[in-house]
Number of protein chains: 4
Amino acid sequence: MKFLSRTFLLAILGVTAMSMMKQKKTRIVFFGDSITQAGVGKTGFITKMQEMLQQKGTAAQYELMGAGIGGNKVYDLYLRMDDDVLAKNPDVVVIWVGVNDVWHKASSGTGTDADKFEKFYTAIIKKFQAKNIQLVLCTPSTIGEKTDYSNQQDGDLNNYSNIIRKLAKANNCKLIDLRTDFRDYNLKNNTENRESGILTTDRVHLNEKGNTFVAERMMEGLGLK
Amino acid sequence: MKFLSRTFLLAILGVTAMSMMKQKKTRIVFFGDSITQAGVGKTGFITKMQEMLQQKGTAAQYELMGAGIGGNKVYDLYLRMDDDVLAKNPDVVVIWVGVNDVWHKASSGTGTDADKFEKFYTAIIKKFQAKNIQLVLCTPSTIGEKTDYSNQQDGDLNNYSNIIRKLAKANNCKLIDLRTDFRDYNLKNNTENRESGILTTDRVHLNEKGNTFVAERMMEGLGLK
Amino acid sequence: MKFLSRTFLLAILGVTAMSMMKQKKTRIVFFGDSITQAGVGKTGFITKMQEMLQQKGTAAQYELMGAGIGGNKVYDLYLRMDDDVLAKNPDVVVIWVGVNDVWHKASSGTGTDADKFEKFYTAIIKKFQAKNIQLVLCTPSTIGEKTDYSNQQDGDLNNYSNIIRKLAKANNCKLIDLRTDFRDYNLKNNTENRESGILTTDRVHLNEKGNTFVAERMMEGLGLK
Amino acid sequence: MKFLSRTFLLAILGVTAMSMMKQKKTRIVFFGDSITQAGVGKTGFITKMQEMLQQKGTAAQYELMGAGIGGNKVYDLYLRMDDDVLAKNPDVVVIWVGVNDVWHKASSGTGTDADKFEKFYTAIIKKFQAKNIQLVLCTPSTIGEKTDYSNQQDGDLNNYSNIIRKLAKANNCKLIDLRTDFRDYNLKNNTENRESGILTTDRVHLNEKGNTFVAERMMEGLGLK
């Protein structure tokens, strides 16, 4: 709870209070790429959050919904936000995007320019905020878990994370800084400077430990802990 | 005039007639990338069209405006269409985009996926048509003028041109098929299979001959000839 | 047999004659990428060539050996030609490379510049010819089977094929022009302009029909038919 | 002098001593890309080293020669090492390459795979060492001077620098670790996290200060200080 800004907490509490009066659960939609898509799987981080809520006895107050599609970049989110998120009338939206915007530069030549990444991300924020939706932005965690900044996309991921941090601040959104969280975890636990196998299976997608780690970060970041 | 569809011609005439009653010129905005940006230069194709209209004595009926920005891809047009085109209240918009969507794959790793190209292009068409703006779509002319289909981006440019042809048909837009026009011209005039110097200075941007060639195609395609 | 140059035929016959005197089979090594690697599989084109030789009753005169490794570009061949080809003392080497040199530009940003492709290819030719090895060069067949030149890499594959044709001529090597052969076959048989499924499973690698087709072209090109 | 390994120092001294007996200067060839090519310019780092030698009064003992060509990657060095370096009969060769191997991935899709980078680099080392040439390897300095590891190619440059450090150790070559040197300098002097203008003009090529800085590092690394 300690990482939650007071404003954000009050906002969440307000939404929650309002929801309770209306007998309505706080609906949280996770909007992202393949990592989020896998989040609703049997051992995915969204499923784990649901289990954590049940253990805490607060499951009745929240409704968690996945809206992740593999390969998505920021403008894919932009193009489908009406159909896949707004149509669900969410109270809170967690946006987790950026890995493909960077990765596709090398893997298909169709990554996203940094300035366009910022423009489309801003357009998404503006549209959600116009509907009074609470936003939580996440930085892209990792493409490769080596800790000496020698993963091919480290520089670019750091750059796009800087953009997201700036946008969170400028637009009063909550930030869950998964890139920093993953790095801190790896600095302690990945002493052999391995590329994968710590929190990911394949440098990008979460293994069991990674799903638990993200679930915990999300619980904390969303003030659900 | 012979290439003009009857419907399109009537639409243009209708707009023109209406304009004349209102003492208003038909406003045509050229929306595109660096090629269009250069079109308003001293020897650019838009400037040449203006001169052609004066020679025909019809310059008073039309207002030609450039809205090209170097490096633009389809989603750049999407992001700035309100400010740069709709704000000008055009009667007709000529869209000429695609070279950078393909080229940036190799030159910066940030080209546009073919399916996203189609989605953003469609979104632009829908928004303009909702304002009753007449649309003229152009295929990307060339990145390299060799005629044996051995320019690096030929395959991709052909693919994106197919998408534009399909969109023109599906949305009842006029098509100016510059890719085919350039190829036909080069098959006759580029007998040494040179990369540039026929209609372009540098494989992409128009030389004097290229600007005249495009001006003529546009005059014909727009029914101004 | 009609496509065989007289000189090449005499050379092969000479080698064959010499081999027979020595009771030695003519050893033909196929040097290439994953397509060649798969060629020695149960239904691969090299296996099929072996079967064709048996049907003709000439199997005793030839020894066919595969030296293909998935993902190889021209400089991979250069780096391993001593160990993987020269060490086998071949009489004839069939070089089939180029798909990855082009493809890796988009798929990992590590394709081969056209001028370096030519330099390394030339270095391979020179080294083999210094050992009196007969060379047969093949153009890269296809990345996508669409016949309207709208496969993304068509322009580049045509360019690299032009380089190989030029090198074959300049160095008196036999050419098996698989790119032209595949295109001719598809123009007749791929009437729906499909991306794959005619001679390939996945736009690149050979299906059953493709292996038979390549085996026949190779038999003819090598004068074994 | 303190960074010089004893072995390397003795080797250089040996070469120098031998040279003096033969009345022959120690010939040092700088082998690299556009940064090295510019090194022989009026204010280039090689020119500055020459001036430093004159100030120290040791200019008569050394002959510094540039062998840099813009755009070169490791296999370009490999292809021209006979003509451009061995033909000069050098006593010492300073190899400084890597920026284009990484950069061309994004700028033209023709960067060098990490494993091929190591293979060609090793082949160069082996060939030079077979001629008893002393080798000094440099890590690639920078593509962008930001100090928070948010330059696009930082991860990849760190990876290729690790390879060069490993090769220097494995082959008993002297290492001048310019990547580390540049970073240390920027951490102190680039407090605004700027992309360029500290040691480079354009994120890559050296400005006046950068040329002096590299000249000093080279003097020290070569034991000429």
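Rings of Phe, Tyr and Trp (its six-membered ring) count as a pair if their centres lie within 6.5 Å, with planes under 30 degrees apart called stacked, over 60 edge-to-face and the rest tilted. The structure treated here is a predicted model, in which local features need pLDDT of at least 70 and side-chain atom pairs count only at pLDDT 80 or more, while totals for chains, interfaces and linings use all residues. Residues are numbered from 1 along each chain as its sequence is written, chains are lettered from A and ligands numbered from 1 in the order in which they are written, and side-chain values use heavy atoms, with hydrogens and water left out.

**Exercise 1.** Find how many aromatic pairs the whole structure holds, and classify the pair of Phe31(A) and Phe128(A).

*Solution.* The search of the whole structure gives 48 aromatic pairs over all chains. For Phe31(A) and Phe128(A), the ring centres are 6.1 Å apart and the planes stand at 75°, so this pair is edge-to-face. Phe31(A) belongs to strand β1 (residues 26–32) of chain A and Phe128(A) to helix α6 (residues 114–130) of chain A, so that the pair links distant parts of the chain, 97 residues apart. Helices (H or I, at least four residues) and strands (E, at least two) are DSSP runs, numbered from the N terminus.

**Exercise 2.** Describe the interface of chain B and chain A, from its area to its salt bridges.

*Solution.* With contact taken as heavy atoms within 4.5 Å, 15 residues of chain B meet 15 residues of chain A. The buried area (the accessible area, 1.4 Å probe, that two parts lose on being put together, summed over both) is about 1,300 Å², with 59% from carbon and sulfur atoms. Tyr75(B), Leu79(B) and Phe120(B) supply 34% of the area that chain B buries against chain A, more than any other three residues. Next, the rule finds 4 salt bridges across this interface, and one joins Lys73(B) to Asp113(A) at 2.6 Å, N to O. The elements of chain B that give two or more residues to this side are α4 (74–84), α5 (99–107) and α6 (114–130), the largest share, 4 residues, coming from α4(B).

**Exercise 3.** Describe the interface of chain B and chain D.

*Solution.* Here 4 residues from chain B touch 4 residues from chain D, and the buried area is about 200 Å², of which carbon and sulfur atoms give 28%. Ala106(B), Ser107(B) and Ser108(B) supply 91% of the area that chain B buries against chain D. The count of salt bridges between chain B and chain D is 0.

Terms used. A salt bridge is a side-chain nitrogen of Lys or Arg within 4 Å of a carboxyl oxygen of Asp or Glu.
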